[in-house]
Amino acid sequence: ASDVYKRQVFDPAVGELIDAKLAPRGRYDDPDWLTSTEALVPSHDGTPVPLSIVRRKDIVLDGTAPTLLSGYGAYGFTNAMSFSPSSAAWLERGGVLA
């Protein structure tokens with residue numbers, strides 16, 4: 001499991017995950033220079049498919065930023081989000097992940 005899940009516990013009083021304070025926060029746990037957008041894009045048969053787009057806040061989504069697109073989804077399976085040092089380097093240098 002991802003380290004973020006090891007640091008969070010579900011609090012039924014508020015109905016959400018909270019920081020269990022079991023590990024110190026790292027540089028990439030919640031960087032204020034990144035943002036994410038969720039979009040629905042049509043698949044080959046027209047079915048709307050959710051797409052997560054991660055980028056630096058100063059990057060405009062106008063088609064000019066280099067973008068790595070990755071994905072798989074079928075029969076209820078999707079790609080899980082996780083930390084990747086190479087993805088962090090890509091984002092720091094102005095790349096977009098989708």
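I'll start with R55, which is buried (under 20% relative accessible area, against over 50% for exposed and partly exposed in between, with a 1.4 Å probe and protein chains only) and yet has no salt bridge. By salt bridge I mean a side-chain nitrogen of Lys or Arg within 4 Å of a carboxyl oxygen of Asp or Glu. The nearest side chain of opposite charge to R55 is D58, 7.1 Å away; for charge, Lys and Arg count as positive and Asp and Glu as negative, while His and the chain ends are not counted.

A word on the source. This is a predicted model, where local features need pLDDT of at least 70 and side-chain atom pairs count only at pLDDT 80 or more, while totals for chains, interfaces and linings use all residues. Residues are numbered from 1 along each chain as its sequence is written, and side-chain values use heavy atoms, leaving out hydrogens and water.

Back to R55, which sits in strand β4, residues 48–56; strands here are DSSP runs of E, at least two residues, numbered from the N terminus. What does the side chain of R55 reach at 2.8 Å? That is the backbone oxygen of I59. Leaving aside neighbours within four places in sequence, R55 is in contact (heavy atoms within 4.5 Å) with residues including W33, L61, L91 and V96.

Now the salt bridges: the whole structure has two. D58 meets R56 at 2.8 Å, N to O, and D58 is exposed, at 52% relative accessible area. The other joins E92 and R93 at 3.9 Å, N to O. E92 is partly exposed at 27%, and R93 is exposed at 65%.

Terms used. Helix = DSSP H or I, 4+ residues; strand = E, 2+ residues; numbered from the N terminus. Polar contact = N/O pair within 3.5 Å; in protein donor to acceptor, adjacent residues only side chain to side chain.
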